[in-house]
Structures are given as C-alpha cells and as structure tokens.
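Reader: Here's a two-chain model I'd like to learn to read. Can you walk me through it, starting with where the chains meet?

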Amino acid sequence: MNDLFANRTMTRDGQLLLEKAQRDRIETVWDRFENQLPQCGYCEMGLSCRICVMGPCRIDPFGEGPQKGVCGADADIIVARNLGRMIAAGAASHSDHGRDLVDVLQEVAEGKATGYQIRDVEKLKRVAAEYGIVADGKDPAEIAGELAYAMQEDYGTRRKSLTLLQRAPAKRRAIWDKLNITPRGIDRETSEMMHRTHMGVDNNWQTLLLHGLRNALSDGWGGSMIATEVSDILFGTPQPAATMVNVGVLKADHVNIIVHGHNPVVSEMVLHACQSEDLLQLARENGAAGINLAGVCCTGNELLMRNGIPMAGNHLTTELVLTTGAVDMMIVDYQCIMPSLGSVAACYHTKMISTSDKARFPGMQHREFHPENAAEKAREVVKEAIENFADRGEVYIPVEPVKAIGGFSVETIVDALGGTPQPLIDALKAGTIRGAVGIVGCNNPRIRQDFGHVTLTQKLIENDILVVDTGCAAVATSKAGLKLAEAAQMAGPGLREICGALGIPPVLHMGSCVDNVRILVLASALANALGTDICDLPIAGAAPEWYSEKAVAIGAYFVASGVYTVLGPMPPITGSMNVVKLLTEGLKDEVGATFHVEPDPEKAALAMRRHIEGKRAKLGLPSLKV
Amino acid sequence: MKHVIIGNGIAGISAAEMIRQMDADASMTLIGDESFPPYCRPMISMVLEGSVGYDRLPVRGADFYDRMRIQPILGNRVTALDVDNRTVSVQGEHNISYDKLLIATGADPRPIKANNLHLKNIFFMRTAEHVRAMLEAVPSARRALVLGGGLVGFKAAYGLLHRGIPVTMLIRSGYPLALQVDPRAGQMIQDELVARGLDVRVEVHVIGFDGNSRVRRAFLSDGTELDCDMVVIGKGVTPALSFVPKNIIQVDLGILVNRHLETSVPGIYAAGDVAELIDLARNTRWVNAIWPEAVAQGRVAGMNMVGRKVAYKGSLSRNVIRIFGLDVMTAGIVNAPHDGPYEVIARDDPLRKNYRKLVFLEDRLVGMTLVNHIQQGGMLIAMMQSGRPVNISREKILSASFNYRQLIR
Amino acid sequence: MRKVIVHPQRCVGCMQCMHACATAHSKSKELFAAALESPLPKARIHVGVGLFNEGFPNRCRHCEPAPCQLACLPGAISRDVETDTVLIDPDLCINCASCAMACPFGVIRYHQHCYAPPGKVVAVKCDNCFERQMQGLIPACVEVCKAHALTFEDPSRALKRRTDEVARSVSPGVLQTDLAAGFSVLNAHKRQQIEIALRRSQS
C-alpha cells in the first residue's frame, strides 16, 4: 500500500478509495490540507482578531512586534474572545438542531407534520414530567404541544435556569450557581457571548472564559439534550441492534442512497420512503435488487442507533464514499458537510440533494424539506435516486463491511444491567471495571483517520475501562471491529467478564454528537446513585481527533460538568499561557475538572488511567498505581 | 606563466575568466575552431524554434578577448599536441608553446553510417552554423526526419514542429530521451509531442537516403521508405580529441582527469564535454557533456592552472526540458537497474500534475526524475552533489510541497 | 550594508510576507488593486512548510558566486554590486529553467509579471525590493513581518543579537522569561503529532 495513503487513514476502505480518488483526479480533504500548509501561526494560537474593522489585528508571540490590538486588547483578551466565539458557534449549532426537532414536535402536536408521529410515548411523558407538565388524561399530541412550548421557553429569556439542569447532581448545580455560570436560556447565552466579545464589552479574560462554560452548558444541558430527547420521542429511543459499517455497506446491485448531516428529521423520512413497497417495486423495475440506505456522519448515527441502518463512514470518508461510483444519491441536511462534495459528485453520476433552508452547497440540487412536506419530499427524492441508478458508471466497492452493534441509549444500558445501574456501580466499586471513558468527536486531517480513536479505545479497554462513544469516534471504533461482543477478547479480564455476562461489547455506541448528552445523563445517574458529584467519579472524556466548533462546546460542557477531558488536536489558545493555564489547571479548583491536551493517544490513555485511579482512591475504592 | 586554452566554448571561456581573476599577469592564448564570439550552444535549438534570434547567442561581448587580455586564435583546429616540447600545432599557424594547457575542445556530433549521406539538407545540429544552414532549408521543407530520440533529436523535432513542419522521429530505444528520463516521463513526453503532431517510430533506424542532390527519401531498417526533404542527425556526441596523443595522455571515452581536472600528464588539464571524470551519482568515470558541468569544470581547471589546488567533487548528469505543457528535470541515475543496489520510490499525482521518481543508494540521493513542480529540483541536485545522507522521510521529498526548510534541523 | 535576514525559528507561517511581496511587485502597489491586475502579481518569497508543518520564509540568498548566474544560458542573471543583489533581466531570460536546476534553495519561479515583456514567461525571484529601497523604504516582506522572522539589518548586528541571546540563556542568575512559551507549546504539539505518525510508519 502506498505509504502516503496509509499515513492519511488507518482504514482499509479509506486507503483503497484514496487510490481510486487519485486515479480519478479527485481532490480530497487531505490534498486541501496539504495545500494549506503551513497554517497561520497567529490563527493557530488564537492571536489574530477579526472582530472589528479598526483591525484586523494580530499579536506577535515573540514579544517584539505589536502586543495589543488596535482597541487595546492583549493576547489574553483576544484568545479568550476567539475561544468564546467558537463555543458560541458550537452551542448554536447543536441548539439550533434541537430547535428544529422541537418545531417538528410542535407541528406533530398540531397535526401538521404528517409523516411524523410520537414513537416513544413513555419517554414523552417522562420528559414532560420533568418539565412539570401534568400528563394525566391528556393524549400524546396535547402533551407534545405543551412540552414543545415549554422547551421553546428554554430557548428564550424567560427562565432563570434551564429545566433539564435538574438532572445534574445537586452538588454540581451548586458549583454552577456559585460561579454564576448556571445557563439561563439556550439562545440567551450564545447571544450574550456574541455581545460580550464585541469590542468594548467583556475585557476580562477570566469572566469571558467562565461565560464560555455557561454558554457550553446551555448546549449540553439545553440545546443538545433537548435534541436527543425529542429525537427519541419522535423516532424512538434506541435499542441495541446489529448493523454493518464501512464503505462495504454499499451494494453494487442496489440503489444506494446515502444520508449525511446530523438531524434525523430528514433522514427518518427518507428511510420511510426507502421502505415503501411502491418505491421498492420501482427500484426493481429499474433493474436494481432493492434500495440500500446507508448513512455517513451523525445523521447516519441517528439512523444506526434507532433503525440499525448501515454506516458507510465518518467525517473523512464522506468524499471518498462518492468515489465508489456506487452512490446514486447523497441527501444532506446540515453540519460537517464539506462544500467540496458537490464537485466530487460531479465526477460520477451521483445526485446531490440539499434539504435544509439553512444549508446550501455548491453542486447540489436544493429540495427543501419542512415538517409538513417532508414525507412527500422524501418520496420524490428517493424516486429520483432510483431513476439515477441506470446512469451509473463503473462501480468500485473495495471492501466487505464489518459487523457492529449500536443503539445504547441510557435507557437500554440500564435495561441491559437489569433495570438499575447498580451492577455497573458494583463492578466499579469492586474494581472489575476501573472506570468509564466517553470518546467523542470528529476526524481531522491532521491526524491519521481513526488512529486516535481506535488506539485510545484499545488502550482503555485493555485496562478494564469501559468505553462509550458517539459521533465519528463511534464510527471509527465500529469500523475497527470494536463494537462486537467478541471484541471483549481485546479487553482486560474484568471488563471481559462483565461484557461476557451482559452480552455487550466493551465499547458502547451511544449515538450522534448531540447524543453526548446521554453520557452526561449516565454520569449524573452514577453520581446520584453514589451520592456524589460527577467530578468525583472515575470517568473521563476524550476528543482525540476533534476539529469543529461543536467539539469545543462539547469539551467545555464536559469540563464544566466535572468531566476531565483530553483533547488530541490543540485548540487555538496557546497565544495566551494564562488561558492555557486556566483551562488545563485552574479550572480544577472551580469546576473540579480540566482540559488536557495530548496528541499521542497512548499517552492520553495513560493520563486518563492515572486520573481514573486517582478518583478511585479518593472515593476509597481499590486503586492501582499507574 | 603561459596558459594555452584549446576551445572557446563555455569551459574554455570560464577557465580563462578564472585565470584572469586570479592572476592579472598571466599570458593566455585561446584557440577556437569557430570564429563566432563565445556563444551559448544549448540555445541554438531556440534559434531553430524561432524563440530567440542569433543576436542573443553570444554569452560574452565582442570585446571579451581584449578585456581578458587573451590572444585569440580562431577559425582553426588544433592538429597536434607535442607533450614533450609543450607545444600545440594549429592548422595554418606556427607551433604554440605553453606552461599550462587546458583541453576544452568539446565534442563533435557522432556520425552515422548510411548511404548517400552527402545529399543536401542532411544536417547535424551542434553549432550555430548548423542551425543557420537548417534555417535556409526550412522554408521549402514539407516533412522532416529526425534521427535519434536523444536531447538533440528531441530539440530539433521540437523546433521544427514549432516552425510548422511535420516531423518523423526514429528512435532505436523504446521511447524518447531514454538516456535522460525514465520510461514513465518518456511516455509523458512522447504523448505530449505526438499530440502536437510528432510521428514517432521506435526500434527502427535509417539505412540510406535517396534524392537528386537534395534528400527526398529515406530507407528504413524495417524495409519501409519515408518521404522527407530535411534530415537532422541527432545520435549523440563524441569528445573531440583526435589530436590527443593517446599513448601519452590517458584517454577512455573522454580524456581522463583527476579531481583537479588534470590529465595523466602534469600541467595539462581537460574540462567540459571532452573530459571524463568521476560521476557523483554513478561513482564511476563518466563524460557528462552538459553546459553547467562545462562552466563548473572550466572554473575549477582555471583555478588549478594558476596554482590553486582546488578539488572538484565530481560531475553529475542533469537536464531540464520544457516541452509545450510539460516541464521535465532529471539528474543522476534515472533508470536504476532492478537488480542493482538502488532503492527507487516514485509518486504519480495526476491531480497536481506531479510525477516524481527518486533513486537512492543507501542513504544518499543519486537520481531523480521530476515532471512539473521543478522549482525545487536544484535543491535535490545540490543534495546529490553534496552527497549528504538523507535523514528525513523519503516520502516527504516526493511531495510537490517539499522545500528547503525540511532539510535544516 | 543592511540585508534581509531570515530567523526561521520565528516564522509563524501567516504568509503575510507573500502578499506584501506580490503587492510590492505589482503595477499598482496596492493590495486590492493588485489582486485585479493581469498578470496577477506573485510573491517572490515563498512560505514553505517544515517537517512538522511549521512555516519557513524561503527567499533568494543572493549567493556569491550565484549558482543560478553561472548556470544561466543567455547571461540574464547578474549581480548588482551596490546592493549585493542577484538580478534577473526579464528581457534576456529565455525561460529555460537552467537556474531552477542550479538553485540549491528552490526560490526561482516562472511566470509572467508586469516588468517583463507582455505575455512572456520569465524566471522571477527576490530583487531585495530595490525599487522600494530607492524610495527609502525597507523590503516589503520585512515591513509586514510582525513576528520579526524577517529583519532588515546589518548581518553582524543580527549575529551579535543571536550570540547575546545564547550567552544570556547560559548565564547564571539571569531570569529566564520565555516570551514565546505559547508558540513553543504549539510547535511541540505539532512535532509530536508528526512523530506519532512517523513512529507508526516505521513500525
């Protein structure tokens, strides 16, 4: 194998498709990354500021050139402002995604969103109860209407604190109150961040960063949490189910449709259309054996979690999957969809469809989906995909798919444990399982694709640490065969025993990237059961290959919630060692957790084991010297 | 000190300049067979092509000999060298004595064997005079035949195609420039030329010509005939050393010289196309008849002639060619034998139109072929010349973005 | 004589020197107008990438003797003794790329530019901003480099500064303040990222 491609991705399908892409003269994300090198050091360090037009400004990291922007902001302020705006963008993305789901819930309640329904009435009632909605005697639509309204209020400015914060342990909420970072409204915190970072508002880097944590919490315990809960209500709470992963899930004799993006609102309707008998018949009439729906990225994770729909790949595979020539249509919603996809698809017969009024892309046809028309639109585009099957050229599907199990919602994990988290707590106490780690986040061309995720996961499970993962990390470990019950063989003896007893893999797929909140909910449940705070638990978080602003928000809400979080790539903060020190050391005294940056996944695993054993010792549990 | 330099090509000129720079009082005589002032031989193909006029060929002004206080003896060839008496004989001149002698006579086109070579419009392409004659034939030419796919044949074909004359090229080997480039680059070059109208015939040669005073037809070794009214012979060059007493001065293909460019006879030096010395990439004696070597060797020979014992590390074959849409740069070993000690790595990146092949011997770079992205080629050549061990990832060097920073720690 | 001096350890890879250079070698000398010119002005300083993706401003060293000058077929490359600058005459240049084969630093590019005959592709490289220097300005790349990776000064002064830095760093009792701690952290991180990849490909 070409060394160049082996350095770019550890996946076999990725390497083979990179060769194909080169033959087909397709420019990929790695090529563009190389073209960008060297990347601007001011920007990498967070030292450039484009906030106003007295600037743009940059600070000389060597201390001889300018040390202040035109407005007078120094390195600390500029770095903190830039980071604050990254968090705001990330929180806005997840939360706006959540809002779209609340809108569907609202329209379902009003009977306008034909095609959608409430699949998990029990969960609807449970969540409604948390919002103080009395369900007795009301039909689900009515409850849904009231819940949607209450959630919309969480987005606004009328609350003093977000409703779902009450899921957090009391000790944690007290810390937030003390630091004055309890999020009040989802949109409010993002809006306030934009205000604070305007020239001449908040010029104290500490308070800017603290507001960054509040903004992130408004995502983790607000926008993202609502997104997950409403998705479960509308489309069903995930249940463990077997599926297949990697590019090999494409089928040469089927109409292949790929959904890409994040929000299940569109992809669920596409799934329905793909299962309808008349369209299947049409596919057969067009010479195909059937319709094969597969996902990439998080909209794929949403379908995988709830419906066992196969997963073709994660972030860095999204261009490569098109080079198979086997994709008849790719349907996208929003987030992490590279604007290059249209031009890749243009080299093949693949039809590219954008669906959201807020997300348009060059080289794609726009078919706008709304809750009222989504079912009908989905049928239309699937029909187009079927008709496109005949236009296929040469097809290259270089690998066989790998089996995986997905669908571990908090509810099903508790079910698997026999209805209570107690067995997990007992295993933790006994030390059979040393702790748990949530691995989340993206792919990044700076890092060999999946290498960070897979290496870190392997090192952790070898040491009896249960791994839960989401997003592109979850796809990476699925591709690597770690999401099978048999993968317990790769785990340490304790974890192997537990997995064997419960029949679960050592790495649990908890969903898409908004579903990181499931990890928060699980951690809270454990903390509450132990009568302690999240920051006292033998747990940690990691984002070994993160790239996006959403990941910054996720990392910040993990840390603000008390989860020690290890990042692979360096965030743009090294321009201010004050900011670096606060985030990697100082926050420990404030929120009981810090960030740690470690590009080497093996060293990251070591740091996490050390952290977990330290927490075990503090809880008076048997601990190891690492 | 009396210096005599035979040859007014760039090696001789460079040596003369170096001698004058280091010794203001030295006496210098320069013997040249061309009467034209010192000119740039590699540029004659551009005159043929039409991109450069004759006026641009001189590399030094008409006052060069005066300025350098050189006694020029031009228009005649050296007929004999008397080593014992330290004299050279020049046609039509008395014997010239020397203290130090530099042989920089260059090379002559290698003749071919074929019938009726006397016919008009059958040319070599080596000197400005040859091109002047060719250009006289161009207006009435309807099809040209180029013999040989080497650098000269290739440049002749390129120039004639530019003039709108259809060209047929006969190549004995499998692809053009087989000595200069690897098969992949050779194929790319051939494709480019064929796309512009060149007719290439491989593994065939000419056995004779026919015509009525002017050439009209060629007979080929495969039994076929070819109409042509102009022929260019480009079958390489051979060092011009007919006057050298081979029983006294050691000669192989060229005149053997040591690291000081001195021949086996003390006080007699050789440089440029006529000299044979250690080749850095091949690690064996080699004649590298190229312009930059002639410049460098001439300068070093000059220094040694005035008594500076400067050592020349060795020569290195290298070439750069631009053909319509392709830039090709090569150096050192381009076709490493499969069973040899070499390690070869290559990358073909059609997206960036970048093809690179590198040849390593242990930890040293000894050969390269670059198609496009040639700006960094000089750096790779410098690496080969310095012989410094390559201690960075070899893959890095294959990338079009490879640059100088990656060599310094 | 003042010269442009490169301090590679300070390059942050922002490429502002490239924009400034292209602008300084445009017709209009204004960034916004220069971007609309035809031929598009191009930089003569090239920010390349090092082994761990750090930046490096690569420009002509104006060597003595200059290998490009020795290799130039038409004699288009000469040295201006007064400014110690190796210059390429675009009228004489024949775009043969012999200089690319000779330059050990890889700093020569081939394209059209506004000082060359229209439509003619020629070899182009740093000219030490002699036009700007005649107007009393310093070279454009130095002017925009806020990280002081490029300075315009007497080489002996730069050397003295460097030796003083080294002397200070080994002197006892002198308080060490690493002004660029953050940049070192970033570079150490990037270096580690690359080394992890290398470790893998060797195993």
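Reader: How much area do chain A and chain B bury between them?

Author: Buried area is the accessible area (1.4 Å probe) that two parts lose on being put together, summed over both. Here, chain A and chain B bury about 830 Å², with 47% of it on carbon and sulfur atoms. On the chain A side, Gln22(A), Arg25(A) and Glu34(A) lose the most, together 53% of what that side buries. This is a predicted model, where local features need pLDDT of at least 70 and side-chain atom pairs count only at pLDDT 80 or more, while totals for chains, interfaces and linings use all residues. Residues are numbered from 1 along each chain as its sequence is written, chains are lettered from A in the order written, and side-chain values use heavy atoms, leaving out hydrogens and water.

Reader: How many residues of each chain are in contact?

Author: Contact means heavy atoms within 4.5 Å. By that rule, nine residues of chain A touch nine residues of chain B.

Reader: And how many salt bridges are there between the chains?

Author: A salt bridge is a side-chain nitrogen of Lys or Arg within 4 Å of a carboxyl oxygen of Asp or Glu. The count between chain A and chain B is zero.
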